[in-house]
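This report describes one protein chain for a reader who has not seen it before. The sequence and the structure come first, and the description follows.

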Amino acid sequence: MTVTAFAPQTEERFALARQVADAVLFEGYVLYPYRASAAKNRLRWQFGVLVPPGWGTECEEHDFQHTECLMEPKAGATLSVEVRFLHARRRTVQRARPDGGFDTVAELHLDDRVLVPWDEGGEERVEVVASVDELLGDGVTHPFRRPAREDTAPVLDAAGRTVGRLVRRCEEISGTVRLSARELDGPYRAMRLTAVVENTSDWTPPEGRGADRDAALPHSLVATHLLMAISAGSFLSMTDPPEWAKGAVAACRNLHTWPVLAGEPGRADLVLSSPIILEDHPAIAPESPGALYDATEIDEILALRTAALTDEEKREARGTDERAAAVIELADSMPAEVLERLHGAVRSLREVTGPGPAASDGGFPDEYGVQRPDTPWWDPASEAGFDPAQDRVVVDDRSVGKGSRVELRPGLRRTDAQDIFLRGRTAKVEAVLHDVDGGVHLAVTVEGDPGADIRREQGRFLYFQPDEVTPLEDDG
C-alpha cells in the first residue's frame, strides 16, 4: 500500500540532501543585480520547467522528466520519493486610495524599497512511499494537484500606515508521479528503477495568444527534481558504476534529468535526480555565507558587486523579491573575515598513504605532509628546444609561424562568445607556443585592431589552435 509520510530516519537523511537540492530549486531564481528591471531577470525559470502538455507541443520545453537508475534493494525495502518544484505565483502591486480602495500600479515607492510586479516561486513537495515489491509490474501511480488560490498582504510605510497591498495569485496545477522497477537479468539482485514526473494540467493557451511562455509558467512545475531514498540496500553510481553494471547503466534512459548519489560521501542509499548535471555526493561549499541564487554563482565577486550597487538600485532589488532583499542585506552586512574566506579554498589535497621518496633538499616543510617527488611533472630544461619566435607549425599543408597572416575560424567545440565575434577576421601570428601537454597554440593580433601595438608590447595576445585558422600567406 502506498503512503505519503516519511519515517523520521528518512526525513533526517533527506534534510542533508536538501541543502544541495535547494540550490537546484533556486538555481537562477533571480540574477545579479537582483532587480526585476534587469533584462536577464525578465526571462526566468530556465531549469527543470515541466510545462502543461497542451502547450509543450508548441515549444522546446517538456511536460515530463524520466529518471532511470539501478538499485540493489534488500528484502522488505521501501522507497521514499520526494518531488520538489516551484509553483510560480504572480504578484501585482496596488496603491491605497483615500476612499479605502486600491488601484493596480506599475510600482510603489517606499522609503527602503520600490515594489514592482514579479513572479515569485513557492516551494512545493510531493511525497510518495512504497515498498519495492509494489514497484514491480505496473508499479505505483501517484497523482497530485495544487489548487488555484489568491491572497493579499498589506504594505505599510515607516509610520505603520497602509499605503498599498500585494496581491498574489497561484494557478491550479496537477501532475503525476509514476514509479516502477524491473529486475535485471544476471547473477546480481539488482533492479532498474524508473521514476517519471509529469505535468498533467489541462491549461491551454488562450485563443489567439499562441505560444506564450509567460502565460504558461503559472501552470508549470518549475525547477523540478527528485530525492529518492531506499530503506535497506543501495543505489549504484551512474557515473562510476561497478564493472558488472556498466552495460545496464548505459541502457538506462534519463530524459531532462540526471541521477547522482547524494547525502554523505560513502553512503549510497540516497539519489538526487536533477535537471542540472552534478557529480556524485554534491555539496555546498562550507565557505558560502548564504544563497545568492545567481546561476553558477561565484560568491566573492557577486558579494562585492552587490555591495557596490547604488542606494536606488538596492531599493529596487529589495522590492523585487524577499530573497533578493536578503541578498542585499547579506552583502551589506558581511564581515570582512567572511568575505576573505570566499577568496578561495584548496580541496584537492589528499592524505599521503605511504612514505614518498626522500628529496635531496629535504622536500617540502613538514607541515604540508608531502614530499617533493624525484621527477617533477614539468621540467624547465625541456623548454630548451622551443622558440616561440622561430617555431612553425603546418596548417593546411602550409608552414605557419611568426609573421604569417591567417583568417580566424574558431571552432564550436571550445569557442566563447568573444572568439565567435572574430570569425572571418584576419590576424597576424606573433608566436607559436607549445604547452606542457603537447598542444600547439598560435598567439595572434587581429589586423585593424587599434590596440595591436600595445598588445604586442605587453605580450597580451589572442590564442587559437592550428585547426581554428586558415593560412592566407606566409611572410616568413
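In this predicted model, the largest nonpolar core consists of 39 residues. Those with the most contacts inside this core are Leu-70, Met-71, Val-83, Leu-135, Leu-193, Met-228 and Phe-235. Leaving aside residues up to four places away in sequence, Met-228 touches Phe-14, Thr-67, Cys-69, Leu-79, Ser-80, Val-81, Leu-193, Ala-195, Phe-235, Asp-269, Leu-270 and Val-271. Another core, of 30 residues, lies apart from the largest one. Trp-45, Leu-309, Val-327 and Ile-328 are among the residues of this other core.

The chain as a whole has 476 residues, and 43% of them are buried. Its secondary structure comes to 11 helices and 22 strands. Of the contacts with a separation of 6 or more, 69% are between residues 24 or more positions apart. The accessible surface comes to about 25,500 Å², and carbon and sulfur atoms account for 51% of it.

How confident is the prediction? The average pLDDT of the chain is 86, and 86% of the residues score at least 70. Over residues 359–371, pLDDT stays under 50. For that stretch the model has 11 contacts beyond four places in sequence.

Strand β15 covers residues 270–274, and five of its five residues are buried. In a regular strand, side chains alternate between the two faces of the sheet. In β15, Leu-270, Leu-272 and Ser-274 are on one side, with Val-271 and Ser-273 on the other, and both faces are covered. Two of these residues, Leu-270 and Val-271, are also touched by Met-228.

β15 pairs in the antiparallel sense with β12, residues 222–230, over four bridges. In this pairing, Leu-226 stands opposite Ser-273. Four bridges also join β15 to β14, residues 258–261, and these two strands run antiparallel. Here Trp-258 has Ser-274 as its bridge partner in β15.

The loop between β15 and α6 (299–307) contains Ile-284. Ala-21 is 263 residues from Ile-284 in sequence, while their C-alpha atoms are 9.9 Å apart in space.

An open sheet of five strands has the order β21-β20-β19-β18-β22, and its pairing is antiparallel. β21 (462–464) and β22 (469–473) each have a single partner strand, so one side of each is left without a neighbour in the sheet. On average, neighbouring strands in this sheet are turned by 45° against each other, direction ignored. Within the sheet, β20 (residues 440–446) and β21 pair over three bridges in the antiparallel sense. Val-444 stands opposite Leu-462 in β21.

| Strand pair | Sense | Bridges |
|---|---|---|
| β12 and β15 | antiparallel | four bridges |
| β14 and β15 | antiparallel | four bridges |
| β20 and β21 | antiparallel | three bridges |

Note on methods. Residues numbered from 1 in each chain as written. Predicted model: local features only at pLDDT ≥ 70, side-chain atom pairs only at ≥ 80, totals over all residues. Heavy atoms only, no water. Core = buried A, V, L, I, M, F, W, Y, C linked by side-chain atoms within 4.5 Å. Buried < 20%, exposed > 50% of the residue type's maximum accessible area, 1.4 Å probe, protein only. Contact = heavy atoms within 4.5 Å. pLDDT = per-residue confidence, 0-100. Pairing = 2+ DSSP bridges. Axes fitted to C-alpha atoms, helices over the stretch in contact; angles between N-to-C directions. Areas by Shrake-Rupley, 256 points an atom, 1.4 Å probe, with all protein chains shown as cover.
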